[in-house]
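User: I want to learn how to read features in a structure like this one. Can we start with helix packing?

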Amino acid sequence: MPESLTDTPEVQQLLRRAAGLDQPGGDERLKRIVHRVAIEMCRIVEEFDVTPTEFWAACGYLTRLGQANEVGLLVPGLAVESFLDIVMDEKERRAGLQGGTPRTIEGPLYITDAPFERGEARLDQDPEDGEVLFVEGQVQDTAGTPVPGAIVDVWHANTKGFYSFFDPTPTPQSPYNLRRRIETDAEGCYRFRTIMPSGYGCPPDGPTQQLLDRLGRHGKRPAHVHFFVEAPGFRKLTTQINIAGDPLLHDDFAFATRDGLIPELVRHTDPAEIEARGLNEPFATIKFDFELNREAANLPEAVVVREHAKAE
Ligand code: BEZ
Ligand code: FE
């Protein structure tokens with residue numbers, strides 16, 4: 001047997017034909033990518049002596065992953081979504097871009113068209129027993145100049161770690177619970193009231209968790225809040241802030257925690273402060289300013305086009 005069957009002229013020719021490389025027309029770049037994928041699959045079969053039974057089990061797994069709508073879960077779970085961020089960071093660095101709030105993964109749980117508010121918003125529509133959290137800050141350029149009219153699109157999980165629209169519980173949340181788009185005011189400021197989120201966990205019986213189990217890994221995320229921040233003339237920012245003190249802060253199954261995205265969480269127990277907020281129990285605050293980079297012609301595209309669900 002030759003050392004590598006994949007490298008034999010017969011198989012090489014087969015794979016070139018499979019990718020359409022022997023045909024005119026079609027998309028040349030896609031042909032090259034498909035060709036590489038086919039070659040790597042063949043090499044894996046050879047190197048790991050993958051049996052046909054194992055191979056078809058893997059195909060069945062991918063089918064179930066798609067049917068369960070969990071492709072967007074496994075991709076970050078295998079660190080590939082973080083890798084896309086690493087690549088974008090490096091392209092920007094090479095293009096001379098410096099500063100700005102770090103990006104981190106979007107994840108699969110955004111929906112479009114959350115209610116729009118000016119300056120401030122309350123995110124928790126559905127009553128829940130949870131710690132009240134106030135978040136506020138300013139959108140700035142990298143020189144610290146405020147950016148009025150920026151859109152801060154925010155979404156996060158509820159106290160059980162579930163996102164509205166994707167909530168599998170018998171009493172799901174309202175479609176836009178814990179989701180808002182907030183326009184920064186004349187000083188570039190935004191603020192919102194919400195409840196403290198819990199970390200998300202992969203569906204325990206789903207295909208993503210099934211694979212993670214076999215890798216000896218958990219499928220949980222630390223508590224976090226997602227943001228898209230955009231303004232005319234600036235690069236769109238996709239990011240998250242983590243809730244400081246979460247035990248999984250540096251053990252996120254989706255590898256999204258980054259330096260610069262763990263703001264201080266302040267707990268307020270002073271009765272006067274509680275009363276001033278119109279509350280009757282302690283609450284927490286986070287201050288977080290976003291720094292946006294200005295758009296420039298030589299930079300890689302910052303807007304990621306991705307399919308998103310729509311609530312109605
Ligand atoms: C999340 O943002 O909650 C999330 C990100 C990646 C995978 C699953 C969930
Ligand atoms: Fe999330």
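User: How do the axes of helix α3 and helix α6 cross?

Analyst: Two packed helices are described by the angle between their axes and by the distance between those axes. This model is predicted. Here the axes of α3 (residues 52-67) and α6 (residues 207-214) come within 9 Å and cross at roughly 135°. So α3 is oblique to α6.

User: Which residues in α3 and α6 meet?

Analyst: From α3, Tyr61, Arg64 and Leu65. From α6, Pro207, Thr208, Gln210 and Leu211. By class, the contact has four nonpolar, two polar and one charged residues.

User: Now the strands. In which sense does β6 pair with β2, and in which with β5?

Analyst: Take each partner in turn. Strand β2 (residues 116-118) pairs with β6 in the parallel sense, over three bridges. Arg118 stands opposite Glu183 in β6. Strand β5 (residues 151-156) pairs with β6 in the antiparallel sense, over five bridges. There, Val152 stands opposite Ile182 of β6.

User: Why is β6 called largely enclosed?

Analyst: Count its buried residues, meaning those under 20% relative accessible area. Four of the five residues in β6 (residues 179-183) are buried, so the rest of the structure largely encloses this strand.

User: What are the protein donors of the iron ion, ligand 2?

Analyst: Look for the donor atoms around the metal. They are Tyr163 (OH), His224 (NE2) and His226 (NE2), at 1.8 to 2.0 Å from the iron ion. Along the chain, the donors follow the spacing Y-x60-H-x1-H.

User: Are His224 and His226 buried or exposed?

Analyst: Buried. His224 has a relative accessible area of 2%. His226 is at 3% relative accessibility and also counts as buried.

Methods. Residues numbered from 1 in each chain as written. Chains lettered and ligands numbered in written order. Predicted model: local features only at pLDDT ≥ 70, side-chain atom pairs only at ≥ 80, totals over all residues. Heavy atoms only, no water. Buried < 20%, exposed > 50% of the residue type's maximum accessible area, 1.4 Å probe, protein only. Helix = DSSP H or I, 4+ residues; strand = E, 2+ residues; numbered from the N terminus. Pairing = 2+ DSSP bridges. Donors = N, O, S within 2.8 Å, 3.2 Å for Na, K, Ca; no water. Axes fitted to C-alpha atoms, helices over the stretch in contact; angles between N-to-C directions. Parallel < 35°, antiparallel > 145°, perpendicular 65-115°, else oblique. Contact = heavy atoms within 4.5 Å. Nonpolar A, V, L, I, M, F, W, Y, C, P; charged D, E, K, R; others polar.
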